[in-house]
Amino acid sequence: MTTTDVRPRGRWVRGVRRTLTGLHPALESVLAAVVGLLVGAVLMYIWGYDPWRAYWALLRGAFGGDYEIASSIARGVPLIFTALTFSICVRAGMFNIGAEGQMYIGAAAAVCVAYFQLPAGLHLLVGILFAAVAGAVWSLGPALLKLTRGVSEVISTIMFNWISRFLVFYLVAFVLVDPRQAQRTVRIPVSARFPILVQGTDLSYAVFMAVAFSLLVYVVLWHTAVGYEVRAAGLTPTAARYGGISIKRTMLLSFALGGVAAGLAGAATTMGLPPTYAIISGLPELMNLGFDGMAVAMVGRNHPIGILFAALFFGGLNAGGRVMQFYGSNPVPLEMVRVVMGAIVLAMAIPELIRLFPALAEAGRGLARTIARRKPATEEGA
Amino acid sequence: MNWSYVVDLLRISLHAMVPITLTAVGEIIGETAGLFNIGLEGILLIGAFVGALGAKAGGPVVGLLVGMGAGMAIGLVFSIISAYWKGTQMIAGIGINLFALGFVAFGLIKLGAPGFHAVPAEAQLLKLRTPMGALSPLILVALVVPFLAYWFLKRTRAGLILKAVGENPEAADVAGINVNLTRLLATTFGGALAGLAGAYMSVAWFGSVTKELSAGRGFIALATVVFSGLNPLLALVGGFIFGFFQSLATWIKTLPTKTIPWQFVDMLPYIVTLLVVSGVVGRVRFPKALGVPYKRE
């Protein structure tokens, strides 16, 4: 074959490759999601389930109709916030795994609005403010320990998570408890609830707060001087320091903004997700939202806009998982969804996941070539 | 004060020390070679779960070995991702933790009762009768392993190689050491110890598995590693300190007088961990190449 025959096809391939490079991060997320779903399928198969039927139920439960889509979005809303907590700190060069605890504290603060009366809109705003401030204050603990004592945020945020968990257990049981129903806190009054957006579903106006906050984070990080400093400090701390950026300031700021996001996750869940509008003892509605948020952040490539799409995907997994666990004669427990999430995150840890496939293909081709080469050799020898 | 209370407290502390010390020593080996694995919490959980299954199938020793094997497998996956594929170690660790959270909760539902699974008495590791009461033989293991690890790291050629790989992988590479393989072996060994620690919790200590069995011990082990400054002997001390405060919390809750709500008592181990870690960091030095994948130029 001459080179002239190849050239048009080569140019076409190059064009496709260039487009793919632009979409590279998104493609890698999709690929990681596929890998995670495959791992889930293999595990379901091993445990004696029918993965095909389970995923079909999950898909229909997530995006099968208006009601399903609405509940997928509703489940994704708190994840947008907790994902932002993680992402903001990653952009600043830290691994803040404290969204879980900050969210508990935010939720507890939001419940406090039940103790006073205010006009409808204002009551809601005060609740949001309470949650945001509480989340930010709680996030200052690990931030200050890091700044003053050099304690790794990976360790301190987890310890703060456990402390806040028991603190909120205590508040739910003794302080905020509903005198008529001991297994939950007082309910947030109607005037402080997010109005329902689509009647008959879980989707409330909290989704607008989530989208607005993502856009705000995007603008702050990419279109302000402070955001530039935060990202510069995250990329190359030494260079940023030489450039006159105070690393301490960017760390404190990103931790506080992350804390605000986590607090809002608590508010969005207690004030914006029917039907309880309270914290139930044992925190079933809140538990693990912070950890799931980290998966959302990674699949969303730590970008506020990417996170919106990733949250829709994970919200769909959660909403669909709730349908899947009651589907058929041998339903798959909801917990499978978290197994899939973990596998997705593991796949996201592999850089250049896409390259792995050509590499494997190349290795396979190489193997085939050696076998093909060896065969005639043995024939000659014989 | 009644002496039997003190003996009780000491006995529970020794039991609580085992998983923290074993996990921390494993992580010290891994971090010396330059890999930072925050997936310990997940390895503990999965080790506890599959260890319980193994014990039910083939007795307590099989259970411990199965837990160890599972830990090794996870350590292997972690090191392939972070050493050979140059992945982000933090993310891989977070992935392991999330995966374990789902996997164990899922498995417990599959076994019948959601959230709780008891290991039958005949499948549990027998405890030694001593003047202090029943002690698990694994306490001895946890007391010996740090000394072996210390000897290995400070007195053997292999220990030096491990250190070279963690401090200066370029130089180690030039000296003909296979950096990635060394890291893989170190982390796999660390995973095995964490898996053993997990299986110990279900097979030899609590006699049951819950989805929150690990209760942050993986991260307390990380704190112990910081406290120890990568010295396995100090990991033994740190493990005992953290184990003691966990036991103190358990012990306070059994006291007849309930002056402090249990929620605040349960915070104690985590608060102490924060205090201890913030007291020691600054004077601890970690390997230069910790957390950085090695790429040959």
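This is a predicted model: local features need pLDDT of at least 70, side-chain atom pairs count only at pLDDT 80 or more; totals for chains, interfaces and linings use all residues.
Let me begin with the core. The largest nonpolar core has 223 residues, and the residues with the most contacts inside it are Leu264(A), Ile344(A) and Val345(A), together with Tyr200(B). As for the element that gives the most to this core, it is helix H8 of chain B, spanning residues 179-205, with 16 residues. If we take Leu264(A) and set aside residues up to four places away in sequence, its contacts include Phe81(A), Ile128(A), Met209(A) and Phe213(A), and among them are also Gly106(A) and Gly135(A); Ala131(A) and Ala132(A) are touched by Leu264(A) as well.

Now to the contact of the chains, which takes 38 residues from chain A and 39 residues from chain B. On the side of chain A that touches chain B, at least two residues each come from helix H6 (120-149), helix H7 (153-175), helix H12 (289-299) and helix H14 (336-349), and H7(A) provides the largest share, with 12 residues. Sorted by class, this side of chain A is made up of 31 nonpolar, 4 polar and 3 charged residues.

Finally, there is the strand pairing in chain A, where strand E1 (residues 177-178) and strand E2 (residues 181-185) run antiparallel and are joined by 2 bridges. Within that pairing, Val177(A) has Thr185(A) of E2(A) as its bridge partner, and E1(A) and E2(A) form a hairpin in which 2 residues lie between the strands.

How values were computed:
Residues are numbered from 1 along each chain as its sequence is written. Chains are lettered from A and ligands numbered from 1 in the order in which they are written. A nonpolar core is a set of buried Ala, Val, Leu, Ile, Met, Phe, Trp, Tyr and Cys residues joined through C-beta atoms within 7 Å. A residue is buried if 20 or more other C-beta atoms lie within 10 Å of its own, exposed if 12 or fewer, and partly exposed in between; C-beta atoms are placed from the backbone. Helices (H or I, at least four residues) and strands (E, at least two) are DSSP runs, numbered from the N terminus. Two residues are in contact if their C-beta atoms, placed from the backbone, lie within 7 Å. Two strands pair if DSSP finds at least two bridges between them. Ala, Val, Leu, Ile, Met, Phe, Trp, Tyr, Cys and Pro count as nonpolar, Asp, Glu, Lys and Arg as charged, and the others, Gly among them, as polar.
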